[in-house]
Amino acid sequence: MKFPGSVLASVFLFVAETAAALYLSSTYRSGGDGMWQALTLLFSLLPCALVQLTLLFVHRDFSRDRPLVLLLHLLQLGPLFRCFEVFCIYCQSGHIEEPYVSITKKRQIPKDGLSEEIEKEVGQAEGKLFTHRSAFSRASVIQAFLGSAPQLTLQLYISTLQQNITIGRCLFMILSLLSIVYGALRCNILAIKIKYDEYEVKVKPLAYVCIFLWRSFEIATRVIVLVLFTSVLKAWVVMVILINFFSFFFYPWILFWCSGSPFPENFEKAFSRVGTTIVLCFLTFLYAGINMFCWSAVQLKINSPDLISKSQNWYRLLVYYMLRFIENAFLLLVWYFYKTDIYMYVCAPLLILQLLIGYCTAILFMLVFYQFFHPCKKLFSSSVSDGFQRWLKYVCCNCRQQKPCESVAKTDIRLPGGRDETPSSSKVSSVPSQIFTTDELCPA
């Protein structure tokens, strides 16, 4: 049975970040910074409450008679109790013989064009561990993008204004960045397992390293760009955030309304129509929060029973990173023209260049992951290198087609208007035939 390392990582980040937030808020209180204390506590306690609700919802404890569990979650001790429960199940799994097992069928990733279907026995203990892993993965995503991401932005903004970074705040920002990167990593793994649910997916360590570097560069550069822009134009950053947020919040709903599909009634049997609407709004809220800082990898599809799109949309991925790069460059350009005296000793052009290169580095690691380390790359209809080759081929074909057109234009300018000589007319008539035969050089 697989060691529940993801559960341990989630609980560690949850406890460490909460403790650091409480400590830092106490320092703000002693320093007389009431507003920073209130915002720090808000971005810490609100995701804590959402994490407790997520764990209760996944384990369906609202409809079960477990008052002690509900009390522990009310006291914000739910993740610690769940972690203790996970390790109790893991330690007892090899010593107790299970009378009932279920059989699952998974297909292996094709090798040499062949894919075998394998059967695996899953006991009750392993099924419970799977539920716990799923619950903690979702809780980590909520903690990352509804708590750690705004928390990191806030603390970096405070450090920029005060031009000082204390040891406690530095440690807190490192924990917040790790929490965001870990949440983004869980989004990638969750997207892979949902899209390729019928296959046995095994993610290699190098894939984890590549995703970690990709997300680290992407999130760090995004947060720094937002902080720089906020430090010079506080009022305009609200408009930038609202445009980003509501664009991603309403995008799944617009696709749902355009599809003409009926409202999903069977999302959860215990929920009414109002409850289903609240859950879907919360999911789109989380989806918008993720895309504010990085590519979500998981694409919402409200008219689908799984609520997740299983198709790999490369066009949407390309458009997202192109628009995000343009937006980051525009925000940095505005910051350059409106920067204040606190950036007197900062080389602004070099900082802008470093941030843009950092974002391009994130895109590079993303392409490396999809090309070499994606666990299901053999199932892709086209790889990253194939798409790049097609793009080069398209550019070369356009360049070749423009050259004969330019030569025709030049010959038409040189020839006199009313000449009826046979040799010259034959020379002119031979040029259009060259234009039509250039398509043969560029096969589709």
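Student: Where is Leu 77 placed?

Tutor: Leu 77 sits in the loop between helix 3 and helix 4 (78–92). Helices here are DSSP runs of H or I with at least four residues, numbered from the N terminus. Heads up: this is a predicted model, with local features needing pLDDT of at least 70 and side-chain atom pairs pLDDT 80 or more, while totals for chains, interfaces and linings use all residues. Residues are numbered from 1 along each chain as its sequence is written, and side-chain values use heavy atoms, with hydrogens and water left out.

Student: Which residues make the nonpolar surface patch?

Tutor: Leu 77 is one of them, along with Val 15, Leu 68, Leu 71, Leu 74, Leu 75 and Leu 80, and the patch comes to about 660 Å². Members have over 30% relative accessible area (Shrake-Rupley, 1.4 Å probe) and no salt bridge, with nonpolar side chains joined within 5 Å.

Student: Which helix gives the largest share of the patch?

Tutor: Helix 3 (residues 67–74), with three residues.

Student: Switching topic: how many salt bridges are there?

Tutor: The structure has four (Lys or Arg side-chain nitrogen within 4 Å of an Asp or Glu carboxyl oxygen). In one of them, Arg 82 pairs with Glu 85, and their closest N and O atoms are 3.9 Å apart. Both residues belong to helix 4, three residues apart, which is about one turn of the helix.

Student: What does Arg 82 meet in helix 2?

Tutor: Arg 82 is part of a group: Gly 78, Pro 79 and Arg 82 in helix 4 meet Val 51, Gln 52, Leu 55 and Leu 56 in helix 2 (heavy atoms within 4.5 Å).

Student: At what angle do helix 2 and helix 4 pack?

Tutor: About 40 degrees, with the axes 9 Å apart (lines fitted to C-alpha atoms over the stretch in contact; N-to-C angles run from 0 to 180 degrees).

Key:
Patches are made of residues with over 30% relative accessible area and no salt bridge: like charges are joined within 9 Å, nonpolar side chains (Val, Leu, Ile, Met, Phe, Trp, Tyr) within 5 Å. Helices (H or I, at least four residues) and strands (E, at least two) are DSSP runs, numbered from the N terminus.
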